[in-house]
Amino acid sequence: MGSLPGRLGSVDPTSDRAVFRQIADQLREAIDRGRFTEGEKLPSEAELVEHYGVSWMTVRNSFSMLQGEGLVHAEHGRGVFVRTRPPVRRLASDRFARRHREQGKSAFLVEADAAGGHPEVDSLEVREEKAGQDVANRLGAVRRVLARRRRYLLDGRPVEFATSYLPLDIARATQIAEPNPGPGGIYARLEELGHRLDHFDEEIRARMPSPAEVRTLRLASGVPVIHLIRTAYDTEGRAVEVCDTVMAADAYVLAYRLPAT
């Protein structure tokens, strides 16, 4: 692990800033500067108590602060570790490229391949239902939709869950209504049905997760989610799908390629 004096400084008990916050500041800086690397175990509580001359509770409060920020995670019986960087790079300008669909690959499969991980889909549910007001508005005042709910895993870890809503007059009694929509996913099937895709509009925001989202994505304390709503349009200008997606923020980097003109 290396010498703690060479990686961490000392605290000032006369400072207005609480000692546990000073320790958290030093650990955070050490992580940012690479003194503690991804996946590395931080000094134990006993080592930090000895190094700083503080109480066990002070050190625990420092760890809790860093966990709340999503910088570290605790493993029972093993210690506290630096959280790894997001493994999935989501390049918005490329993920829905037609060439991927023609190769029989969905967007998530393309991203998982680039990350070198094993992709899975579970908790799959497909059913017809009444459209919520927001979905209905986005799809042009439709009343009922085909909803496809699924959770995505990378190397066994849940990283996102999504629900696609499609107008029934498009999706009913097609392969889109089957659990496995086939190579290239639902976008490939939409184009086969004559709805050649023209563009996608996405709205993205970051927020803290609900208790249900914490359970579904198995989120550690302090990890936010990325909430994305995407609407797909065909070349006739019709909205043919709304996808409501919640992603673990520690699993993704959102990357964009923007034109210079």
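1. Let's start at the surface: Leu258 is exposed, with a relative accessible area of 70% (exposed means over 50%, buried under 20% and partly exposed in between, with a 1.4 Å probe and protein chains only). Leu258 sits in the segment after β10 (252-255).

2. A word on the source: this is a predicted model, where local features need pLDDT of at least 70, side-chain atom pairs count only at pLDDT 80 or more, and totals for chains, interfaces and linings use all residues. Residues are numbered from 1 along each chain as its sequence is written, and side-chain values use heavy atoms, leaving out hydrogens and water.

3. Which aromatic pair does a search of the whole structure find? There is one, and the rings of Tyr187 and Phe200 have their centres 5.3 Å apart and their planes at 55°, so the pair is tilted (rings of Phe, Tyr and Trp, the last by its six-membered ring, pair if their centres lie within 6.5 Å; planes under 30 degrees apart are stacked, over 60 edge-to-face, the rest tilted).

4. This pair links distant parts of the chain, 13 residues apart: Tyr187 belongs to helix α9 (residues 185-192) and Phe200 to strand β7 (residues 197-207). Helices (H or I, at least four residues) and strands (E, at least two) are DSSP runs, numbered from the N terminus.

5. Helix α9 is mostly covered, with seven of its eight residues buried; among them are Ile186, Ala188 and Leu190. Just after α9, Gly194 takes a positive phi of about 100°.
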